[in-house]
Amino acid sequence: MRLIPSLPVGTAIAFLSSAIGTSAAQRVHLDHRVLQTAAPTIAPTAMPNDNRVPAGTRVGDTLIVRLTVTPAAWHILGDSAPAFTVATFQEEGKAPSNPAPLIRVRVGTPIHVAIRNPLDDTLVVRGLSERGGAGDSLVVLPRSTADARFVRRLAGTYQYWATLAAWQRALPLPPKLRGQGLLRPRFDSPLAGALVVDAPGPVPIDRIFVIGETDDQVPPLKRDPRGPVGRQFTVLNGKSWPYNERLHYALGDTIRWRIVNTTFQAHPMHLHGFYFRVDSHGSARAGVDSIYTPAQRRMAVTEVIGIGESVTMVWSPDRPGSWLFHCHLTNHIAMLPAVDRPGEIDYPTPHDHGDPDHHAVNGMNGLVLGVTVTGKTKPAAPWRPTKRLRLFVSTTATTTALPVGVDMRRAGRPRFDPVRASTST
Ligand SMILES: [Cu+2]
């Protein structure tokens, strides 16, 4: 851990550069007083995006999506709770959204994304190109518009993401460690969304969950006793537990989820109660989604979704009840410090503000999804023994030096002479 002495330590942020590829976690500061992108006095509210409705309109065979980068108030908890002011993407004619609008097409569909940047900072967009990935970037100069026109030839789960140049330059890291824009700790953190390309044939019924994050931190920086440094606010589809969506399924449903990690940390995502099948695992850096053949698919209860990665998982509940899907890093599910009090470093102590009987609501935040499964399981078949065992206990064992002997037999006599033998099993 080291501080970057060349940067002023005022109101600052911290993040884990280890997440972007260095082996040791570094604590770095970024003075955002010099970076404050001009924002309207009253920023519009960013709406959480549940990724059910794709953006854009069809003109002929082309999908046209018009996006504007807009400062917005982002309420990660309740709508009336304090908000972060962040940069968001806004589809023309709609509210700004977090995560960014979903782009979803069939393989081979021409896509035209027009991006307007009214800010005084340069916007760099990645992932909106023929081959996808981090290699191609679209530069949208201050107060101007740029267009991405491309066709995706391979089905899969992808993402697009953007950064603001001044915020990236201020990161006290060499460019190669900024993860080609995958490291967006603060103001430009929500500038990312899912891009799904469907194969020919019926479009699967699925849900898309985008993992998002923003960080802030002011000195004196303090190590969270649970591990990582600083204040990390993580969300699924723009909201933290318990303010995100509840999912309802019936026994036996086939549930298909696409999880897209737009954060600069890996998240070991764990499902309670059931195994899930991993059907694909993709990388935003490479612009590749590895869709597994049936033989390559594997069952898991926890899948690590790395920086810029995506996963398609399929599962089917065979028991009713209330279940959770969550990140296994404690600080991504622990109760968050107050959004509007950046000087408040510590996470609240357990049940500080809540009823311990409702820990799930009052003691957790972040990357948690609640799943309710309804239905009745079939009554169990009448029990019948498949084998019969007899257990003999003796206080005068002959087969051991111990004073008590136990022998279990499928049939016949024990090896010792039982003083008292069980007559039934
Ligand atoms: Cu996590």
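**Close-up views of a predicted protein model**

**View 1. A sheet with β15 at one edge.** Five strands, in the order β15-β24-β23-β17-β21, make up an open sheet whose pairing is mixed. The edge strands, β15 and β21 (302-305), each pair on one side only. On average, neighbouring strands of this sheet are turned by 20 degrees against each other, direction ignored. The model shown here and in the other views is predicted.

**View 2. Strand β24 and its two pairings.** Strand β15 (residues 246-250) runs parallel to β24 and is joined to it by 5 bridges. Within this pairing, A250 has T374 of β24 as its bridge partner. Strand β23 (residues 321-327) runs antiparallel to β24, and 6 bridges join the two. Here the bridge partner of H326 is V368 in β24.

View 3. Strand β12 (residues 192-198) pairs with β6 in the parallel sense over 4 bridges. In this arrangement, R106 stands opposite D198 in β12.

**View 4. The largest nonpolar core and the surroundings of I103.** In soluble globular proteins, nonpolar side chains tend to be buried together. The largest nonpolar core of this model has 73 residues, of which I103, L191 and I259 touch the most other members. Strand β3 (residues 62-74) supplies the largest share of this core, 6 residues. Leaving out residues up to four places away in sequence, I103 touches P54, A55, G56, V65, I111, Y160, G193 and L195.

**View 5. M313 in strand β22.** M313 is placed in strand β22 (residues 309-315). The residue counts as buried because 23 other C-beta atoms lie within 10 Å, and the cut-off for a buried residue is 20 or more. Apart from neighbours within four places in sequence, the contacts of M313 are W257, I259, F276, R277, V278, D279 and E303. I259 is 54 residues from M313 in sequence, yet the two C-alpha atoms are 8.0 Å apart in space. I259 is also among the core residues that touch the most other members.

View 6. The peptide bond from N98 to P99 is cis, with omega near 0 degrees. P99 is found in the loop that lies between β5 (96-98) and β6. The peptide bond from W241 to P242 is likewise cis, with omega near 0 degrees. P242 belongs to the loop between β14 (231-236) and β15.

View 7. N51 is not a glycine but has a positive phi of about 60 degrees. Its position is in the loop between β1 (47-48) and β2 (57-59). N51 counts as buried because 23 C-beta neighbours lie inside 10 Å. R143, which is not a glycine either, has a positive phi of about 55 degrees. R143 lies in the loop between β9 and β10 (144-151). This residue is exposed, because 11 other C-beta atoms lie within 10 Å and the cut-off for an exposed residue is 12 or fewer.

**View 8. The whole chain and the confidence of the prediction.** The protein chain has 2 helices and 27 strands. Of its 425 residues, 39% are buried. Among contacts between residues at least 6 apart in sequence, 73% join residues at least 24 apart. The average pLDDT of the chain is 83, and 77% of the residues score at least 70. The pLDDT is below 50 over residues 1-34, a stretch with 82 contacts in the model beyond near neighbours in sequence. Residues 418-425 also have a pLDDT below 50, and this stretch has 15 contacts beyond near neighbours in sequence.

Technical notes
Residues numbered from 1 in each chain as written. Predicted model: local features only at pLDDT ≥ 70, side-chain atom pairs only at ≥ 80, totals over all residues. pLDDT = per-residue confidence, 0-100. Contact = placed C-beta atoms within 7 Å. Pairing = 2+ DSSP bridges. Axes fitted to C-alpha atoms, helices over the stretch in contact; angles between N-to-C directions. Core = buried A, V, L, I, M, F, W, Y, C linked by C-beta atoms within 7 Å.
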